[in-house]
Amino acid sequence: MIILLTSVCGSERSIERKNESMKRAFTNGIILDGTKDMVPQRGKAVLTEDGIIMDIVPDNEIPGGYEKNDLGGKYILPGLINLHVHLAGSGNPKKKQSDPVRLVRLITSSSFTRSIGRKLVAGYAKTQLLSGVTTIRTVGGISDFDTYVRDKINSGKLLGPRILASNMAISVHGGHMAGSLAYEASTPEEAANYVDIIAKEKPDIIKLMITGGVLDAEKVGEPGVLRMPPELVKAACDRAHELGFKVAAHVESPEGVKVALENGVDSIEHGAKPTDEIIELFKEHNAFQVSTISPALPFAMFDRSVSHATYEQQENGKIVFDGIISLAKECLKNDIPVGLGTDT
């Protein structure tokens, strides 16, 4: 079993595989418990059993049977959770935009290239773990690579974080990531059928691409154009819910957020400037937002010589960046859950 239940800032992390039950007490550390109003705690020990935090107790009240690990005054916190990841991408700036459809066709063209692709995905998953991220949620990937790597990690054959995987997403012709990380649906029936196809790979969630994005916006001032008609969104959500899946959706415009929530989407990935109606829809449908500030900020704020973004991408990036932040603030103000993801 993989044990990496905490990330210790400034220290070497130890990862061990053992079949027997393991109890550990992490002592002499500064505890950051991740709560909203947290205060650094000293003089306490974190008790863990088989990778699960069981309790936090005073250093002098550690029960018997726990192996003590002295942290030497370093910080200790729960493993981080990255709620929005595309494991097929590194996130590094590109001087020249590549053709994702062509790249995916190449990587899935033979058993040899598919094995290379799976190793790439597994490598990025391992990087997440070694960075202190113990759980990730993938929201659009190549073929069945994400569930393949998830299952290998769960069986102990690969090192990586817990993965909630979606594999391929569902888009429309000309839609976001269509033909690369997403199938192209033309009718409600096709949208529902693609849910069935994805479900056979036993994912954890279903992902929809409802609007366009910064990279595929056609003009300045119009990122997040609605691409997927409401009836397709509803058909996909209805079928996913019938099968017991939650639905996540790429959305980067107020119109897109409204369509997504009205037709059954459970989580808005990215976001857009909210209205009172949108906030009420979040509450009505018990939905939440996953904010992706970290990839949006470079497009919006960095010099283009660093980000390699075009003028159009930067201007649209500013709109999306502002929308993500304003939605997150309004959601938090209304007790609507907000998560964080790094996108790649």
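Three strands make up an open sheet, ordered 10-11-12, with parallel pairing. Strands here are DSSP runs of E with at least two residues, helices are runs of H or I with at least four, and both are numbered from the N terminus. Two strands count as paired if DSSP finds at least two bridges between them. Strand 10 (80-85) and strand 12 (162-164) are the edge strands; each has a single partner strand, so one side of each lacks a neighbour in the sheet. Neighbouring strands are turned by 20° against each other on average, direction ignored.

The model is predicted: local features need pLDDT of at least 70, side-chain atom pairs count only at pLDDT 80 or more, and totals for chains, interfaces and linings use all residues. Residues are numbered from 1 along each chain as its sequence is written, and side-chain values use heavy atoms, leaving out hydrogens and water.

Strand 10 pairs with strand 11 (residues 133-138) in the parallel sense over four bridges. Leu80 has Val133 of strand 11 as its bridge partner.

The axes of helix 6 (residues 254-262) and helix 7 (residues 276-285) come within 10 Å and cross at roughly 25°. Axes are lines fitted to C-alpha atoms, for helices over the stretch in contact, with angles from 0 to 180 degrees between N-to-C directions. Helix 6 is therefore roughly parallel to helix 7 (angles under 35 degrees). Pro254, Val257, Lys258, Leu261 and Glu262 in helix 6 meet Glu277, Ile278, Leu281, Phe282 and His285 in helix 7, where contact means heavy atoms within 4.5 Å.

Methods
Angles under 35 degrees count as roughly parallel, over 145 as roughly antiparallel, 65 to 115 as roughly perpendicular and the rest as oblique.
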